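Here's a quick walk through a protein model, written for someone who likes to see the cut-offs. Have the viewer open while you read.

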Amino acid sequence: PALKHAGSARRLFLAAPHRGWTESRCLHSSLCLAEAPQAGCLNDLMEPLTGEMLPESTGEPVVEGTIVTEFSSEASGPTVGSLLGFNEAVLELPPGDCGLTVNQGREKTFEVAAGSPLVAQIPRGFHLVKEHDHVALSPGKVTDPRGFHLVSVDGILAGEDSGAGANLVARARKEQSAVPGPLSDMTRSHALLFSGLGAVYVGPDGFTTPVGAADPVIDAFGVDRTLFDAANATKARTHVCHGVPGTLRRGEMENCAQCPEYMCCVFPWTIHMLAFSPIFLSAFLYNMLRSKHRDMEFPPWGDAALILTDKGIVGRRNFGPDSPGGGCNCCCIGCGDLEGEAGVQPYWRVNEQKHQNGVNAIAWDGFDVDKNVRIHTYGGGRCVPTRKGDFCDMGGSAGDSAFDALVVGLHCGCCIPGGCCMYVCIQPDAEGLYRATIFSKHETLIESEENSHFIPTGSIELLALARSPDDLRNTLRAAKEKYGAPAAAAAMER
């Protein structure tokens, strides 16, 4: 079916990653006539419609979608959506009975009645899904990477515990919602913004505004392929200790094969090393024979590993493949694979992003260039001293070298504050190769029965960038001065 055109402007019901977008706004419904498709009518992200999915042709007009975005044909530069390949969708929820029904399962799927105003707004093959308080516009499960995450209602963030999911279920059951939330008022219409990315900028006080497909890009840092290959070559040498084939991310190990680095030359852990040596030997053999090294493939986002916009920075929380696979952060042999979601994690699921490769965004006023940008260059001294006040433990004694997939070294000394150092045995020798981490001021408490701790709410890991560390810091500093000051002033006014 072909979309009608209004004047010289072309209008679609999904915000595809084209250039030259104007602001999104809900307009009116458009009728698609049963004729041959025209260029640009279908969303690039959707699966091709097959004969099994298409209804029988009757010659009658078919309602296809609601116009939510108008854009001009004039290119005005790249956008975040065009670089990361994601879209947006706006769904206008009318007041009163909107013609929804819901099943009774744990993952609730909303069915849309034939006469509902929502029929004209939901793309063919997609439907509304809810699991816990996660609402998505999806062709399958709520976690389907092809789906769109609900990120805001009437411009207000709709994250975890927002009540939006419960409100939607109450609307479908024609009940008054017992949970206060953005959709609890059934007397007026609501604009629901669904994003194919699901990322939100993190400010000093937490999440602020969603990353938009139409956000203009002011600069981007890409990965150098030569340095990337050098990193893979180094990982091949360190793999026996780190495991986890196919990734270069920091802070991940497949089993306890890395533990001897921290135990064999540190008293009194040397005793434990001898006692558990058969377990460590089994872990080494597993990494060598069963979980063999595999190079990380050059990521599809490699040319835009770090994106700068007028709102902040956008990148991946971990420098690894979108589907992580392998590794479980436990001391065992062959723990199994982690199921990934193609790098898509709703912004409020910070704990899951910690273990997977979700897209993170940090507002300009959400980090300090001097305090929240950590750059680790390789090829320096072999002996890395303990940070002042730290014990010779697995997490802090070697600073940025600890749990780095490209570094293997022995900890030497005694288990007392300031009592040991790390002697680096293997590290990259490629000139210009460095690892950088940008993390937010705001932190999130991760609670568990064994250990509760804080982690940065927003964090971006970078490796093998084509531009130098000084260029990275200077660019961030200049952009922060230009765009961060107005944002901070506007926040103070609010």
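Which strands form an open sheet with mixed pairing, and in what order? There are six of them, running 15-14-20-19-18-16. Strands here are DSSP E runs of at least two residues, helices are H or I runs of at least four, and both are numbered from the N terminus. Two strands count as paired if DSSP finds at least two bridges between them. Strand 15 (206-210) and strand 16 (217-221) sit at the edges with a single partner strand each, so one side of each has no neighbour in the sheet. On average, neighbouring strands of this sheet are turned by 25° against each other, direction ignored; the axes behind that are lines fitted to C-alpha atoms (for helices, over the stretch in contact), with angles between N-to-C directions running from 0 to 180 degrees.

At one end of that order, strand 14 (residues 200-203) pairs with strand 15 in the antiparallel sense over three bridges. Val 202 has Phe 207 of strand 15 as its bridge partner.

## Ground rules and overall picture

This is a predicted model, so local features need pLDDT of at least 70 and side-chain atom pairs count only at pLDDT 80 or more, while totals for chains, interfaces and linings use all residues. Residues are numbered from 1 along each chain as its sequence is written, and side-chain values use heavy atoms, with hydrogens and water left out.

The protein has eight helices and 28 strands. Of its 494 residues, 49% count as buried, which is to say under 20% relative accessible area; exposed is over 50%, and partly exposed is in between (1.4 Å probe, protein chains only). Among contacts (heavy atoms within 4.5 Å) between residues at least 6 apart in sequence, 72% join residues at least 24 apart.

Another open sheet has three strands in the order 21-25-28, with antiparallel pairing. The twist averages 10° from one strand to the next. Strand 25 and strand 28 pair in the antiparallel sense over five bridges, and Ile 438 has Ile 460 of strand 28 as its bridge partner.

Strand 25 (residues 434-439) also holds Arg 435. Buried or exposed, at 3% relative accessibility? Arg 435 counts as buried. Its side chain reaches the backbone oxygen of Leu 248 at 3.1 Å and makes a polar contact with the side chain of Tyr 378 at 3.3 Å. A polar contact is a pair of N or O atoms within 3.5 Å; within protein, one must be able to donate a hydrogen and the other to accept it, and residues adjacent in sequence count only if both atoms are side-chain atoms.

## Nonpolar cores

A nonpolar core is a set of buried Ala, Val, Leu, Ile, Met, Phe, Trp, Tyr and Cys residues joined through side-chain atoms within 4.5 Å. The largest one has 36 residues, and those touching the most other members are Leu 306, Ile 313, Phe 367, Ile 438, Leu 463, Leu 472 and Leu 476. Elements giving two or more residues to this core include helix 3 (225-242), strand 18 (306-309), strand 25 and helix 8 (469-493). Apart from it lies another core, of 24 residues, with Leu 91, Phe 148, Ala 158 and Phe 194 among them.

Leaving aside neighbours within four places in sequence, the contacts of Ile 313 include Tyr 201, Trp 364, Phe 367, Ile 438 and Ile 460.

## Helix 2 and two positive phi values

Helix 2 (residues 164-172) is mostly covered, with eight of its nine residues buried. Just after helix 2 comes Lys 174, with a positive phi of about 60°. Lys 174 is in the loop between helix 2 and strand 13 (190-195) and is exposed, at a relative accessible area of 54%.

Val 244 has a positive phi too, near 55°, in a residue other than glycine. Val 244 lies in the loop between helix 3 and helix 4 (259-263) and is buried, with a relative accessible area of 2%.
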